[in-house]
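The following note sets out points for a colleague examining this model. Please read each point alongside the coordinates.

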Amino acid sequence: MLRCMHAEYVTCSAVAAVLDLSEQQCRLLLDTLAAVGGSINAQGLEPMVNLHELSLFLLAQIYGREAHRCETA
């Protein structure tokens, strides 16, 4: 299966635009993702994050919030 390297990574500004985050919030998100083992590609002018890893991280965050909400209800 052929994979395009550029399609797997998104820039911080693209993440900020889609998730309606400030630049500072996006940097915090990427730093947090990198701290838990996410791959951040910082070779260019702007850091890029693996889209699959970002999606899984955000899904885990949503699941954690929803699971916690059910326990306290």
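1. Burial. In this predicted model, buried residues account for 21% of the 73 residues in the protein chain. The chain exposes about 5600 Å², of which carbon and sulfur atoms supply 60%.

2. Secondary structure. The protein chain contains 4 helices and 3 strands. Read from the N terminus, the order of elements is α-β-α-α-β-β-α. As for contacts between residues at least 6 apart in sequence, 48% of them join residues at least 24 apart.

3. Nonpolar core. Which residues form the largest nonpolar core? This core has 11 members: Val10, Cys12, Val15, Ala16, Cys26, Leu29, Leu30, Leu33, Val49, Leu54 and Phe57. Helices α2 (12–19), α3 and α4 (51–72) are the elements that each contribute two or more residues to the core. The largest share, 4 residues, is supplied by α3.

4. Surroundings of Leu33. Leu33 is one of the residues of the largest nonpolar core. With its neighbours within four places in sequence set aside, Leu33 is in contact with Gly38, Ile40, Val49, Glu53, Leu54 and Phe57.

5. Largest pocket. The largest pocket holds about 250 Å³ of space. Its lining consists of Leu19, Leu21, Leu28, Leu29, Thr32, Phe57, Leu58, Gln61, Ile62 and Arg65. Two or more lining residues come from each of α3 and α4, and α4 gives the most, with 5 residues.

6. Salt bridge. How many salt bridges does a search of the whole structure find? The search returns 1. Glu23 pairs with Arg27, and the closest N and O atoms are 3.5 Å apart; this separation falls within the 4 Å cut-off for a salt bridge. Both residues lie in helix α3 (residues 23–35), where they are 4 residues apart, about one turn of the helix.

7. Are Glu23 and Arg27 buried, exposed or partly exposed? Glu23 has a relative accessible area of 39%, and Arg27 has a relative accessibility of 36%. Buried means under 20% and exposed means over 50%, so values in between are classed as partly exposed. Glu23 is therefore partly exposed, and Arg27 is likewise counted as partly exposed.

Terms used:
Residues are numbered from 1 along each chain as its sequence is written. This is a predicted model: local features need pLDDT of at least 70, side-chain atom pairs count only at pLDDT 80 or more; totals for chains, interfaces and linings use all residues. Side-chain values use heavy atoms; hydrogens and water are left out. A salt bridge is a side-chain nitrogen of Lys or Arg within 4 Å of a carboxyl oxygen of Asp or Glu. Buried means under 20% relative accessible area, exposed over 50%, partly exposed in between (1.4 Å probe, protein chains only). A nonpolar core is a set of buried Ala, Val, Leu, Ile, Met, Phe, Trp, Tyr and Cys residues joined through side-chain atoms within 4.5 Å. Contact means heavy atoms within 4.5 Å. Accessible areas come from the Shrake-Rupley method with a 1.4 Å probe; for residues, only the protein chains shown count as cover. On a 1 Å grid over the protein atoms alone, a cavity is a set of points where a 1.4 Å probe fits but cannot get out, and a pocket is an open set with protein on both sides within 12 Å along at least five of seven lines; lining residues have an atom within 4 Å of a point. Grid points are joined across faces, edges and corners, and a volume is the space filled by probe spheres set on the points.
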